[in-house]
Amino acid sequence: MSDVLHYIWLGILAVFQGPALFHLLGFALPAAPVMLFFGLLTGIAVGATPGLAGPMAMAISLPILISVFGFTPDALLPVFGFLIGIMKGATVGGAVPAILFNTPGTPDALMTTLDGHPMARAGQPRRALRIAQISSVAGDTFSDLVLFVCAPFLAILVERVLDLPEKTALLVLSLSFVAAVMGKSLGRGLLSVSIGLLAAYVATGQDFYPRLTMGLPGLENGFPMVAAVLGVLIVGEIFCSIEDLLRAGTSRATADGGPEKRTSDGLQPGDLKRITPYIARSAIIGTVIGAMPGVGSTLAAMLGYTFGKRRHEARRGPADTPFGQGAPEGIAATEAANSAVSGANLIPVLSLGIPGNAAAVFLILAADSIGGFNPGPAVFRFTAPEVNPELVIAFGIFTLMSLGNILNWTIGGAFMRSLGVLARIPNRYLLPVVLLVTLTSIYVQETSFFALWVTFGFGILGYLFRRAAVPVLPFVIAFILAKPLEETAREAFAATGGDPLFLFRSPVSLLLFGATIGSIIFLHRTSDRHEPPSGPRETR
Amino acid sequence: MKSVLASLALAAALVSAPFHAWADGWAPPGPIKMLIGFAAGGGADTQARLIAQGLEKKYGWKVLPEQAPGNSGLNLAKQLASEPADGTAFGMVVTETLAYSAVASKNPDFELSKFTSLATTARFQLGLVAMKGGEFDSWDKVKAAAAAGKPIRFGTASDRQADVAYHLGQKTGIDFNIVPVKGGAGVMNGLRGGDLDIGWVAGAQSKPVKQGEMINIASGIPAALIDNPEAPKITDLGSDFNLDGYFMFIAPGNMAPDVRKALGDAIRDVLTDSSTEAYAFAQKAFGGASVVTGEELDGYMADSVDASKKLIKAVSN
C-alpha cells in the first residue's frame, strides 16, 4: 500500500516539478500544468465551435507539440497535459452551441439541445449552461475516479492471467468488438477494420525487405502514422464538408436565434438537489459504456437521456417541466452521461494499450511518437526500491486529469459562457483554416512532402468511407493495433513452439474467442437505432 | 522547421568552426548528422546523445542527433549510404549490424567495405537472463526442466541472438521455443510478465541483476560477466559461438583516412575524459567505455563477418 502512495506522490511531483516552461517573476512555471490549462481553454473553444471536435484539435496539435517538446521522456507529461486538457475542455464546451443556438458542437451534445435550448429560449441560458457544466464535470470526475481505481487492478489482473496467446485473442476480440458496435452494419465495420490492418501492414514485419510496398521507395518505412490517421479522420471529414457546402450553397444550417426574453437566470434554488440523482445515474451509465472500446459517448448520452426521461416521467409533479421542454434534469442526464465516457475510455488504453475512441487514439499516438511510455499492462509494475518511470507517468496522467477537473469546475464555466460567438463562424472560413493547420502540423512532424500525399490519399479514403457509410474509427483503431497484434501473435506462435493452434489451447483464450464470435453475432445490427437521428457526422 | 534548424546550426558551425579547426587540424565542413539506430529513450540512444553533446562541448562541432531505428541497424546503414563521406554524417549501430545482419541480408549494399568503421563505444555485457528465485534461475535448472519435458521459452532480440540460441539448443540437446521480441527491454518485460522463461540481454539487465530481481545464468561473451562472474560462458556449455559485440559508430564508405582518424579520436576523447557525461554514463550502464578504432577495429570487424558466416552455416545445416 505504501508503494502505491509513494507512486501517487511521485506522479504528483512529476507534474509540478517537471521541466519549466518559462519563468515568471523568478518562479519556474512547470510545463505540464500550464499546458493542461491552455489545452483546457483550447478544448472548450473547440467544443463550442460546431464542426470542430476535441479529437480533431488533439490530432492537429500533437505533431506541433512533439516538435516543440521533442522526443525525450520529459516531453510526455506536458504533451499529455495539453491533450488531456483538450479532451476535458471539449466535453464541457460542446454544450455551449447546443444550448444557445440549437446547434450541437459535438455529436454527443445532440440530446443537450432537447432541453438546453428550450430553457435558453425561455430566458435562462445561464442556468442551462451552469447545469450543463456541473453535470458534465461531475460525470467526468466520477469516471476519472473509476479509472484511477480500476486501471491498475485490471492491468495487474491481465498480466497475471493472460499469456501471449490470450493477449493475441484479446486484441482480436477488441477489433471485432469495435467493428461490430460502430457504424451502421457489421459488414461495414469489418471492412473498415480490414482496410486499417492492410494499410498498417505495409512495409512492417520482420524481414530484411519491406513487404507490400509494390516497389515504391517512398513506402519503405510504411505509411506515416500521423499522415494516415489525420488523413482519414480530418481531411476526409473536410472533403465531405466541402462537398456539403458546394451542394447546399450555404455555410451552415442556420441556427435559430438566441434567447429572447430574460427571466431570473442562473442556477435556481433546488436545482442541484433536483439534478443530482440524474447525474449519478448517467455518470454510471457513461462510465460503463466508456469502458468498452469503440462504443462512444453518443450512445451514452442517448441512454442517459432515455433512462432519465423514464425516471422523470414516473416521478414528475404537476409543476415540473417535462423532458423536451427545458427540464434541467434532461440537460443533466445527457451531459453527465456523455462526459462520464471520457475517463472510463482510458481504462482499456492504460491497462491494455487498446484505444477505444479517437481521443484515446491520440494519447496512444503521443506515447508512441515520444517514446518512454508504452501504455499496457507492463506500466503498472509497482517496483521498489527501483522506480518504474512508466508508472510515475501514469500517475502523472491521473494527476493531470484531476487537475483538469478542478479547472473545469472553477474557470471552465466562466470561460464557456463567454464563447457563444464561436458558433457563428461560417464553415467556409473554418474549413480552410483547419485544413491548412492539419497539413502544416503533419509536415512539421514528418518533414517530407510524401507524407502530405499520403495524407491526401487517406483523406480521399476517409471521404469514400463517409459517403459509403463505413465508419472511420475502426480503421484508425485497427491501424494502431495492427502492430501489437502481429507482434503478440508472432511471439505467441514462437513461444508455443510453433503450434498452429496456439489460439485454441487455453480456456481463457477459448473464452475470448467465444466472445469474439459472440460480439459479431449478438452485437450485429442492421438498424441505425444507436445513431442520432440527425446532426453532425460522428468524428470522434 | 528542420531546414531552419539546419541552417541555424550551419551558421553556428561556420562561426565557431575556424577556432577549433586550428586547434585540431580537422573540422567538419558543416553540422554533423548523427543517426541513431535505436529507439529513443533507451540506453544506446542516451549514450549516443551524450557523445553528441560531448563532441559539441569539447570540439565546438554542431551535432544533430536523429533517430533511424529498425531492422537491426540496417535501416540506418541504408540511410547513411546516401550521405557524404566528408565527416558530416555518421551513425550509431552495433558491430552485429555490419557483420551478422549484413551477411544475413545477402544484400551487397551492406558489405563491410561499403562503410567506414569509426570507433566502438562500449562492449556488450551480454548474458542469458532469468528471473531470480524463479524456475529457471540457473543453467542446471534449465537443463533439468528441459529433461522433464517442459517447453522453455527463450527470448531473443535479434536474428543473430536467435541463431545462437538455436545453436546452443542443438549443442546441449534442448529444443528451445525461440521467441523474437523487441530489444533487451522486450526480453525483460517478457520475463517479468511470465511470457518468457529465459532470454539474451546485452547490458540493460545490469540494474535488475544488481537489485536481485534477475540473474545472469550464463555469459554470452568470451569473458565472465561483471555482475555474475560465476555464470558459465556459453562456449563452456557447448556452444561454438558467442554473442560478443560493441556499440559502434559507422560512416559512409571511402572516407579519407585523416577524417576517419579525426572522428575516431574525437569519440575516444569524449568517452575517456572523466569530466564528460558520456564517460559517466558508460561507467554506469556498460561498466566503462571500450573504444576500438583504426586497423584494430577493421580486424575485429573482419573476424566478426567470418564468425557470422560460420554461424549462419552452422544453424542452416
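Two strands are taken to pair if DSSP finds at least two bridges between them; strands (E, at least two residues) and helices (H or I, at least four residues) are DSSP runs, numbered from the N terminus. The structure is a predicted model, in which local features need pLDDT of at least 70 and side-chain atom pairs count only at pLDDT 80 or more, while totals for chains, interfaces and linings use all residues. Residues are numbered from 1 along each chain as its sequence is written, and chains are lettered from A and ligands numbered from 1 in the order in which they are written.

In chain B, strand β4 (residues 115-123) is joined by 7 bridges to strand β10 (residues 246-252), and the two run antiparallel. Within this pairing, Ala122(B) has Phe247(B) of β10(B) as its bridge partner. A residue is buried if 20 or more other C-beta atoms, placed from the backbone, lie within 10 Å of its own, exposed if 12 or fewer do, and partly exposed in between. Because 9 of the 9 residues of β4(B) are buried, this strand is largely enclosed by the rest of the structure.

Chain B is divided into domain 1 (24-123 + 245-316) and domain 2 (127-237), with bounds that come from an automatic or database domain assignment. The C-alpha centres of domain 1 and domain 2 of chain B are 27 Å apart. Their contact (C-beta atoms, placed from the backbone, within 7 Å) takes 14 residues from domain 1 and 11 residues from domain 2 of chain B. On the domain 1 side, two or more residues are given by each of α4 (95-105), α11 (277-286) and α12 (294-316) of chain B. This side has 8 nonpolar, 5 polar and 1 charged residues, where Ala, Val, Leu, Ile, Met, Phe, Trp, Tyr, Cys and Pro count as nonpolar, Asp, Glu, Lys and Arg as charged, and the others, Gly among them, as polar.

Chain A contains 20 helices and 2 strands. Its radius of gyration, taken over C-alpha atoms, is 23 Å, close to the 24 Å given for 540 residues by the globule rule, so chain A is as compact as a globular protein of that length; the rule is 2.2 Å times the number of residues to the power 0.38. Of the 540 residues of chain A, 57% are buried.

The contact between the chains takes 21 residues from chain A and 21 residues from chain B. Helix α19 (residues 473-495) of chain A provides the largest share of the chain A side, 3 residues. That side divides into 9 nonpolar, 7 polar and 5 charged residues.

Key:
Two residues are in contact if their C-beta atoms, placed from the backbone, lie within 7 Å.
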